[in-house]
Amino acid sequence: MFLKEYISDVAGALKSLFIGMKRTGYYFTHHKEIITEQYPDNRATLVLPERFRGEVVMTHNENNEHRCTGCTACELACPNGTIKIVTKFDINAEGKKKKAVDKFVYHLELCTMCNLCIQACPTDAIKMAQTFEHSVYDRSLLTKVLNKPDSKLQEGVE
Amino acid sequence: MIEEIGTTEQGDLIINVGPQHPATHGVLHLVITLNGETIKKIEPHLGYIHRSIEKMCESLTYRQFIYTTSRMDYLSSHINNHGCALLVEKGLQIEVPPRAQVIRILMDELTRIASHILWWGAMAMDLGAMTPYFHAFRERELINDIMEETCGARLTMNYQVPGGVMADIHPNFQRRVKDIIKQLYKKLPEYDELVTGNTIFKARTQGIGYLSKEDAISYGVTGPSARASGVSCDIRKLYPYEGYEKLNFQEVMHTGCDTYSRYLVRMIEIRESISILEQLVDNIPEGDYQAKTKAVLKLPKGEFYTRVETARGELGVYVVSEGGTTPYRIKFRSPGFSNLCALDHMTRGQKIGDMVAIMGSLDLVIPDIDR
């Protein structure tokens, strides 16, 4: 009785191992089902979804104009203090003082890509870019000024 | 407390497993007292990745604190965010639109499937099988692609906001979910072929790590680990939230109480989650994806508690509010911590080689234990 059980155990074990090895062998012989992508060789063909959150960027149009009014809604919405907005006072054509953004400082090293600043922005001035290779040699390079030099507020954005 | 390697007065050997050990899936440090190969005592040491999330949340507003919970149990980050969003909605009595509710459940179940699939691969790898890990990542990658397309991130989504979800679903979402359902039905039998019926796997898991129903309750074990001991603890069934009561699914229970039954419960739970996806994917109601909320959220004075069923068990979110924009105190009842507490009881008298299998079957995620 003991011998019979022992032999059936061994037979069952061999059968289960064979079933598993058959599955492994199947993938060994079917190369087309391999789904691994060879990064970074596939950089040229790599398409990230448009909603992918890589880093915060500010959109500028062809006249070097942005839509940021310097309202600091994003600064208040950010949980990590990633965004610091330095404002200045512009004097417009009528001689009135008007608040405008001087420097939109963005600390990429503090950012967790939570998208709360984008949601908070009332004028759609900032958006998420699809970049993801953020490695640099020096930490200070991660602190960025998002508004381009000499850029202005777009007409009609309040 | 025993701190260093050596022997006790009784001649027992003390060894440290971790904090840098591949079998602990993170930085868990176990001080094990051994008598020969038999485990006499396990003492888990925590604190290697403590980020004081609860304290951090006290300085964040009710919109901001949700993102930190993705960093607790990163494999079910959606469900963690869900629990926090539910709490804010409960406090402010916000009605969530039906479309947002359905999207939330779909995302939760996708997260649960992804988490269980990854666990399946990691469990098999703990026991020495390398192939299943790659099979698991194949399917998990498809789910991550769905998350990436709709939520914008693969792991720390931050997609659930008070009042609904952050953005509407991507136009491809429904087609992609149907694809993944088809793919899983095709590939789950392969999982069973590779691991479930395997003799070596059975021999290493059956009858090991016994946790009786009474012990599971007294240690506060929840989730699939407790359901394998016959404890009915599925929050989705017992305290339904977000319309889970309208869905047709089973609470998976097993009475084996050992490592193998914990494995089986999770494998059946994947199939239950797929059936939930099937019921909802074609029935997403039209309408808003987010309720209109005030710009500044202020919870009324008082105490609030919500619970959700994550892939590992019950997550409780407890907030004391003083009526301001930030919580006065936040406490997360994380499933991993209670499940880890039962490890010492389950491993006593077992062999050191089985410790890895028992720990793997608890599905521990260390950042969840050590917030």
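Author: Start with one pair. Gly6(B) stands opposite Ile14(B), a residue of β2(B). Keep in mind that this is a predicted model.

Now widen the view to the two strands. β1(B) and strand β2, residues 13–17 of chain B, are joined by two bridges. The two strands run antiparallel.

Next comes the sheet around them. It is an open sheet of four strands in chain B, and the order is β1-β2-β3-β4. The pairing is antiparallel. Look at the edges. In chain B these are β1 (6–7) and β4 (38–45). Each has a single partner strand, so one side of each is left without a neighbour in the sheet.

Now move along the chain to another pair of strands. Strand β8 of chain B covers residues 314–321, and it pairs with β9(B) over five bridges. The sense is antiparallel here. Find Tyr318(B) and look across: Lys331(B) in β9(B) stands opposite.

Stay with β9 of chain B, residues 329–333. Which of its residues lie on the covered face, and which on the uncovered one? Ile330(B) and Phe332(B) make up the covered face. Arg329(B), Lys331(B) and Arg333(B) make up the uncovered face.

Step back to the whole of chain B. The chain has 14 helices and nine strands. Its radius of gyration is 21 Å, close to the 21 Å that the globule rule gives for 371 residues, so chain B is as compact as a globular protein of that length. Its C-alpha atoms fill a box of roughly 65 × 50 × 35 Å along the principal axes. Of its 371 residues, 48% count as buried. Take the contacts in chain B between residues at least 6 apart in sequence: 69% of them join residues at least 24 apart.

Last, look at the neighbour. Chain B gives 19 residues to the contact, and chain A gives 21 residues. On the side of chain A that touches chain B, α1 (2–29) and α3 (116–120) of chain A each supply at least two residues. α1(A) gives the most, with eight residues. By class, that side of chain A has 11 nonpolar, seven polar and three charged residues.

How values were computed:
Residues are numbered from 1 along each chain as its sequence is written. Chains are lettered from A and ligands numbered from 1 in the order in which they are written. This is a predicted model: local features need pLDDT of at least 70, side-chain atom pairs count only at pLDDT 80 or more; totals for chains, interfaces and linings use all residues. Two residues are in contact if their C-beta atoms, placed from the backbone, lie within 7 Å. Ala, Val, Leu, Ile, Met, Phe, Trp, Tyr, Cys and Pro count as nonpolar, Asp, Glu, Lys and Arg as charged, and the others, Gly among them, as polar. The radius of gyration is taken over C-alpha atoms; the globule rule is 2.2 Å times the number of residues to the power 0.38. A residue is buried if 20 or more other C-beta atoms lie within 10 Å of its own, exposed if 12 or fewer, and partly exposed in between; C-beta atoms are placed from the backbone. Two strands pair if DSSP finds at least two bridges between them.
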